[in-house]
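Subject: Structure handover

Hello,

Here is the structure we talked about. Please load it first, then read the notes below.

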Amino acid sequence: MVRVGLVGGGSIGHSHASSVRQIEGAQLVALADIAEPVRQKFAQEFGILTYPDYPSLLAQAEIDAVIIGLPDRLHCPVTVAALAAGKHVLVEKPMAASVAECRTMVLAAARANRKLMVGQAHHFLPTIRKAREIIQSGTLGQPVFLRDALIYQHWAPKRQAWFFNPALAGGGAVIATGVHQIDRMRWILGSRERTVSASWSHRSDVPDLEAIGGWFVRYENGCAGQFLSGSHTAYTGPHEYEILCTRGILRGTSWGKLEAIDEAGVAQELDLGERKSHILEEDRAFIQAIARDEPVPVDGQWGLEVLRVIEAVYESARSGKEVHV
Ligand SMILES: NC(=O)c1ccc[n+]([C@@H]2O[C@H](COP(=O)([O-])OP(=O)(O)OC[C@H]3O[C@@H](n4cnc5c(N)ncnc54)[C@H](O)[C@@H]3O)[C@@H](O)[C@H]2O)c1
């Protein structure tokens with residue numbers, strides 16, 4: 001049995017709690033959260049122990065693994081503390097607020113000989129998994145151009161105050177939302193990014209965190225990509241991606257459907273199998289990796305490389321120049 005503690009019981013923490021409860025071989029045993037109402041809610045709903053601070057939870061020897069759903073800038077210190085306490089860690093995306101922090105986390109996992117997984121949950125979305133399978137199979141030929149747009153209306157009061165506070169948030173749209181897009185396209189293509197050219201836009205009332213980011217990527221495999229990412233916007237926009245290949249097009253949405261268009265222009269909707277919660281599937285993969293002592297599917301090195309692209313996007317947006325990743 002893998003006994004799991006949660007650090008952070010907000011929006012994503014609650015999804016993890018509901019998921020862990022459904023996984024055979026896992027047991028949710030405790031939550032740490034600074035907010036009293038959150039602790040009360042978890043105690044009532046899940047019948048688990050709660051702590052107002054994470055060191056108290058990490059001191060519990062019976063906890064094997066922790067899932068961290070905290071503001072971005074707490075990801076690194078809490079992950080390092082959890083690893084040092086001998087726990088396996090699943091840390092939410094973005095892995096951390098900088099590549100330097102990611103490096104510290106990867107080293108801490110190696111030193112502690114514990115698993116470190118990053119919550120890039122789009123690896124567990126049926127459309128993304130299928131898109132990867134099709135692109136990797138080569139049936140549509142070589143990918144040559146892609147576009148990926150993900151525009152959320154992540155604005156108060158829907159979002160907690162920390163999302164608008166640079167001392168706690170790693171950044172704005174690029175790190176909050178773009179992190180999914182960078183991650184999923186490099187995973188689907190199986191290629192690293194070579195260069196990035198970016199621009200951004202800020203709201204006057206949140207001048208330090210970008211509301212929208214746009215960037216152009218040249219991949220090592222010759223494909224090029226155009227990304228549009230929004231989070232502090234006043235509206236919800238498209239959630240779709242399109243990959244143009246030499247023998248056809250793949251067109252999908254994050255949550256909905258995926259279609260392949262052949263050279264004759266005939267579109268075929270692809271079978272995505274049974275719809276399952278991607279957070280549940282992510283947590284199941286984490287628990288299985290621990291139980292079987294196998295590598296986690298999205299490790300710290302992967303999370304670090306995604307952060308490297310994010311830093312290149314920020315550097316390019318600031319300088320107005322193309323940046324090598
Ligand atoms: N994988 C996804 O698709 C996905 C979705 C949503 C959020 N996230 C990520 O998860 C993280 C959390 O986001 P959220 O939307 O759940 O935020 P949230 O504000 O809803 O939850 C954060 C929780 O952390 C608690 N907290 C803050 N500081 C603490 C501390 N020092 N010790 C203990 N608890 C503390 C807060 O009280 C709150 O309950 C972010 O990094 C976000 O990017 C990922």
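Ligand first. There are 25 residues around the ligand, and Gly 8, Gly 10, Ile 12, Glu 92 and Gln 160 come nearest. A residue counts as near a molecule or strand if its C-beta atom, placed from the backbone, lies within 6 Å of it.

Before you go on, note that this is a predicted model: local features need pLDDT of at least 70, side-chain atom pairs count only at pLDDT 80 or more, and totals for chains, interfaces and linings use all residues. Residues are numbered from 1 along each chain as its sequence is written.

By class, the ligand shell has 13 nonpolar, eight polar and four charged residues. (Ala, Val, Leu, Ile, Met, Phe, Trp, Tyr, Cys and Pro count as nonpolar; Asp, Glu, Lys and Arg as charged; the others, Gly among them, as polar.) Helix α1 (residues 11-21) gives the most to this shell, with three residues. Helices (H or I, at least four residues) and strands (E, at least two) are DSSP runs, numbered from the N terminus.

Domains next. The chain is divided into domain 1 (2-120 + 279-299) and domain 2 (122-275 + 307-324). Those bounds come from an automatic or database domain assignment. Where does the ligand lie? Both domains give residues to the shell around the ligand, so it lies between them.

The domain centres, taken over C-alpha atoms, are separated by 26 Å. In the interface, 17 residues of domain 1 are in contact with 15 residues of domain 2. Contact means C-beta atoms, placed from the backbone, within 7 Å. On the side of domain 1 that touches domain 2, α5 (99-112) and α8 (278-292) each supply at least two residues. That side divides into nine nonpolar, three polar and five charged residues.

Now the sheet. Nine strands form an open sheet with mixed pairing, in the order β14-β13-β12-β11-β7-β10-β9-β8-β15. Two strands pair if DSSP finds at least two bridges between them. β14 (267-269) and β15 (323-324) are the edge strands, and each pairs on one side only.

Some pairs to check:

- β11 (residues 239-245) and β12 (residues 248-253) are antiparallel over six bridges. Cys 245 stands opposite Gly 248 in β12.
- β8 and β9 are antiparallel over ten bridges. A hairpin of two residues joins β8 to β9. Ser 197 stands opposite Phe 216 in β9.
- β9 and β10 (residues 224-230) are antiparallel over seven bridges. Ile 212 stands opposite Gly 230 in β10. Their hairpin has four residues between the strands, and Gly 222 takes a positive phi near 100° there.

Last, the helices. α9 (residues 300-319) lies across β8 (193-203), β9 (206-219) and β15, running at about 60° to β8. Axes are lines fitted to C-alpha atoms, for helices over the stretch in contact, and angles run from 0 to 180 degrees between N-to-C directions.

The axes of α6 and α7 (residues 173-189) come within 8 Å and cross at roughly 35°. Which residues meet there? From α6 come Ile 128, Ala 131, Arg 132 and Ile 135; from α7 come Arg 184, Trp 187, Ile 188 and Leu 189. By class, this contact has six nonpolar, no polar and two charged residues.

Best wishes

Notes: Two residues are in contact if their C-beta atoms, placed from the backbone, lie within 7 Å.
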